Every structure is written in C-alpha cells, then in structure tokens.
Amino acid sequence: MSQRDRNNSGPVYSTEHGSMCPACGKPAAGCDCAKRKASAAGDGIVRIMRQTKGRKGKGVSLITGLPLRGEALEKLAKQLKQRCGAGGAIKDGVIEIQGDHREALAQELKKLGYTVKLAGG
C-alpha cells in the first residue's frame, strides 16, 4: 500500500454512527474539526465600512468581524442603531446601519472593548 493510500484510508460511513469526518475519523455529529475552523475564521478586528452598492445611492455602514452570534448580535445591533438614531438590519452576521455613521460606531465599539478599523473609502 502506498503512502497516499494509507493517508486516505478509513471509514467514510458507519452504519452505527452515520457519516464520518474525513479529517479526524470520528462520527460527524461528535466531530470538533468544524468548531475549530469556525472559531479561527476571524482575525479579532471589527471592520466598519460604508457601502452604497445595490441601494440606489443610499449609503449604509457595515460592521463585520464581530465574534457574536444570535441573540447577542441582535442586542448589539439594537444598541448601535439607537446610538446612531437610525434603522438597520442583520444579514449573514453583518450589521447594517442606515447612513454613514462610521465614526460614531467606531467610538461605541471601542468603548465596548473591540479592536476597530475603518475599512474602505
């Protein structure tokens, strides 16, 4: 058996456990590989940028790189929208605040302890 065959050998599916993780060989339901990859995705810097693309010239401030999910992200978005006096939404883990409020958002996030960068033009 060649070196390549030895590295790629192992069960892909088990009738007892179902799908198996190709990286660690454990059942997919109990695998830690996906969790480790998800936590290493960000670099710890919150980026605030302005975008008008697809909004008929209306600008929004986008906040990306937050390590929050679910209810905690919604709570922070509500706090930031109130601070700016503007509407907004959460889409795919990115907070959108209507209008160009980058400076105010950066100050508020720095107060909360985040490392903030203003990105884009």
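In the predicted model, a salt bridge joins the side chains of Lys111 and Glu108, with an N to O distance of 3.9 Å. Both residues belong to helix 4 and are three residues apart, about one turn of the helix. An α-helix has 3.6 residues a turn, so residues three or four places apart point the same way.

Glu108 is one of several buried residues in helix 4, the others being Arg102, Ala104, Leu105, Ala106 and Leu109. The elements that cover these buried positions include strand 3, strand 4, helix 3, strand 6 and strand 7 (115-118). Helix 4 is followed by Gly113, which has a positive phi near 95°.

Helix 4 also contributes to the largest nonpolar core of the structure. This core has 16 residues, of which Ile63, Leu80, Ile95 and Leu109 touch the most other members. At least two core residues are supplied by each of strand 3 (45-51), helix 3 (70-84), strand 6 (94-98) and helix 4 (102-111). The largest share, five residues, comes from helix 3. When residues up to four places away in sequence are not counted, Ile63 touches Val46, Arg47, Ile48, Leu80, Gly93, Val94, Ile95, Ile97, Leu105 and Leu109.

Leu68 is located in the loop between strand 4 (60-64) and helix 3. With residues up to four places away in sequence left aside, Leu68 touches Leu73, Leu76 and Tyr114. The C-alpha atom of Leu68 is 8.2 Å from that of Gly93, although the two residues are 25 residues apart along the chain.

Across the whole structure, six salt bridges were found. Side chains of opposite charge can pair when their charged atoms come close. One of these pairs is formed by Asp100 and Arg50, whose closest N and O atoms are 3.8 Å apart. This pair links distant parts of the chain, since Asp100 lies in the loop between strand 6 and helix 4 and Arg50 in strand 3, 50 residues apart. Asp100 counts as partly exposed because its relative accessibility is 43%, and Arg50 falls in that class at 40%.

Another salt bridge connects Arg55 with Glu96, the closest N and O atoms being 3.2 Å apart. Distant parts of the chain are again linked: Arg55 lies in the loop between strand 3 and strand 4, and Glu96 in strand 6, 41 residues apart. Both Arg55 and Glu96 are buried.

Most residues other than glycine have a negative phi. Lys56, however, has a positive phi of about 55° and lies in the loop between strand 3 and strand 4. Lys56 is exposed because its relative accessible area is 85%, over the 50% cut-off. Asp92 likewise has a positive phi of about 55° without being a glycine, and its place is in the loop between strand 5 (88-91) and strand 6. At 81% relative accessibility, Asp92 is also exposed.

Conventions. Residues are numbered from 1 along each chain as its sequence is written. This is a predicted model: local features need pLDDT of at least 70, side-chain atom pairs count only at pLDDT 80 or more; totals for chains, interfaces and linings use all residues. Side-chain values use heavy atoms; hydrogens and water are left out. A nonpolar core is a set of buried Ala, Val, Leu, Ile, Met, Phe, Trp, Tyr and Cys residues joined through side-chain atoms within 4.5 Å. Buried means under 20% relative accessible area, exposed over 50%, partly exposed in between (1.4 Å probe, protein chains only). Helices (H or I, at least four residues) and strands (E, at least two) are DSSP runs, numbered from the N terminus. Contact means heavy atoms within 4.5 Å. A salt bridge is a side-chain nitrogen of Lys or Arg within 4 Å of a carboxyl oxygen of Asp or Glu.
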